[in-house]
2 protein chains.
Amino acid sequence: MGKKEGTSQRREESLSRERIIEASIELLDSLGEAGLTFRALSERLATGPGAIYWHIASKRDLLIAACDAVVARTVDGSLREAGAAPEATLRALALGMFDTMAARPWVGSALIQAPGQLPMVRIFEGIGQQVCALGVPPEDQWATASALLHYVLGVGGQHAANTQLARTHGLDRSGLLEGVSSVWSRLEPADYPFARSVAAQLPLHDDRVDFLTGIDLILGGIRASRPGGPGLE
Amino acid sequence: MGKKEGTSQRREESLSRERIIEASIELLDSLGEAGLTFRALSERLATGPGAIYWHIASKRDLLIAACDAVVARTVDGSLREAGAAPEATLRALALGMFDTMAARPWVGSALIQAPGQLPMVRIFEGIGQQVCALGVPPEDQWATASALLHYVLGVGGQHAANTQLARTHGLDRSGLLEGVSSVWSRLEPADYPFARSVAAQLPLHDDRVDFLTGIDLILGGIRASRPGGPGLE
DNA sequence: TTCCATTCTGGAACAGCATTCCAAACGTGT
DNA sequence: ACACGTTTGGAATGCTGTTCCAGAATGGAA
């Protein structure tokens, strides 16, 4: 009566949760977030939508599972190649997630839609362990790790939105940024002095460097608020 | 041949962009993000979808416009009631956005989907002006303001996702958090020590306090990296 | 006033989506 | 060979954003 007793059921080519998730990732990578539909998935797997629903609860479930597969690889990889220093490990973990979300914008978008789910917990766990190692007092650990996580999610979500916007408009990244830049530089000078002043550097900036700057800002804040006092390390 | 010459065209009850946006906000507030459909909007405005499309380019346009109306009020209000101290103003602005996104989760979700658009620029401008006032050197202003913005967006997006998740499951906030907490506390102890250790305080924590802690962490990092040196304020 | 071009309306129609349903095919233990 | 639970895949459902278009309302010109 068990649902999964034997190991190799059916023929080799049969459907399985793993095969569906793998195909979903390929679809998401090649066509973007909007490319993952049950129709396209059915076609690629040479089956019907009904068959997929036997293995997958919903599209939400599918997206989270695909996201988790990618995030798990990233987190494990980042932690393995990092040394023992907590700050360096934290930076490696954050940069690993940034690179993953830059290469696969749908990951950032999926992460936001899965609060408390497995992929997010993986990242949160990795961050939290390093936060503890940094010597943050227990009562501040939750808020500190949450802040880092939310920052990473914010950048990833923004990157995903930018990429999808560019795709729907048929532009590449630089074309999109130039468009935004020119709009910003035409804003009302009295109301938007800051946006106008930074509009010029918008198409030139390096997302990755800016991301790391933000991480270092938060790390600096953690260091400054340590019980030992706000002195140098 | 101009499109908008006279001021009061048509009868008083006629459709207008403003009236459509207002109705959209009411719909979003009462039914959540999924509640905004052109059918529901048509019904509420006693018209057809085609009439709405005469004033609105797309659903995306509509969502951004509704978001902008709310964000504009929040930003203006936060800046007006704040004093002159840049840090306090920054905190007031961030808290104002948090409260708005907590009361209307769809705002956080909409903000993420509108990179470079008016609502985001309003927040970015407010943040950027205070960053300048804090004495951040020009070459760091962009990255610093971006970090703060991304953090705010990350928290808002997460809040939106949580609320929508609770709504689809027919739970309230505490019910959702208790569910997540119990899942986390049943994770593999060897792999998830941190998540397990903080699972207990998950249903009890105060989002607003945690949000402000994150803001202060970034502000602390900004203070620590000022040219004047990492001394006390 | 009468006419007309323009602006605006609203209902029908369309393509695409996630999801559900179900009859048939398949494998396996008897 | 039989029967039974598992798995399949195609049709059907109800929803979505968007387009289309016949025609009503409106303001200026004749």
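No salt bridges are counted between chain A and chain B in this predicted model. Polar contacts, on the other hand, do link the two chains: 10 residue pairs are joined in this way, counting pairs with both residues at pLDDT 80 or more. Much of the touching surface of chain A comes from its helices, with α7 (118–133), α8 (138–168), α9 (173–184), α10 (193–199) and α11 (207–224) each supplying at least two residues to the side that meets chain B. By residue class, the side of chain A that touches chain B divides into 30 nonpolar, 18 polar and five charged residues.

In total, 53 residues of chain A are in contact with 53 residues of chain B. Together the two chains bury about 4500 Å², and 73% of this area lies on carbon and sulfur atoms. Within chain A, the residues that lose the most area to chain B are A:Trp142, A:Phe194 and A:Leu217, which together account for 18% of what that side buries.

The arrangement of the two copies can be described just as briefly. Chain A is superposed on chain B by a rotation of 180 degrees, with 0.0 Å of shift along the axis and an RMSD of 0.0 Å. The copies are therefore related as by a two-fold rotation axis. Both copies use the same surface for the contact, as 100% of the contact residues of chain A recur in chain B.

Note on methods: Residues are numbered from 1 along each chain as its sequence is written. Chains are lettered from A and ligands numbered from 1 in the order in which they are written. This is a predicted model: local features need pLDDT of at least 70, side-chain atom pairs count only at pLDDT 80 or more; totals for chains, interfaces and linings use all residues. Side-chain values use heavy atoms; hydrogens and water are left out. Copies are superposed by least squares on the C-alpha atoms of residues with pLDDT of at least 70 in both. Contact means heavy atoms within 4.5 Å. Buried area is the accessible area (1.4 Å probe) that two parts lose on being put together, summed over both. A salt bridge is a side-chain nitrogen of Lys or Arg within 4 Å of a carboxyl oxygen of Asp or Glu. A polar contact is a pair of N or O atoms within 3.5 Å; within protein, one must be able to donate a hydrogen and the other to accept it, and residues adjacent in sequence count only if both atoms are side-chain atoms. Helices (H or I, at least four residues) and strands (E, at least two) are DSSP runs, numbered from the N terminus. Ala, Val, Leu, Ile, Met, Phe, Trp, Tyr, Cys and Pro count as nonpolar, Asp, Glu, Lys and Arg as charged, and the others, Gly among them, as polar.
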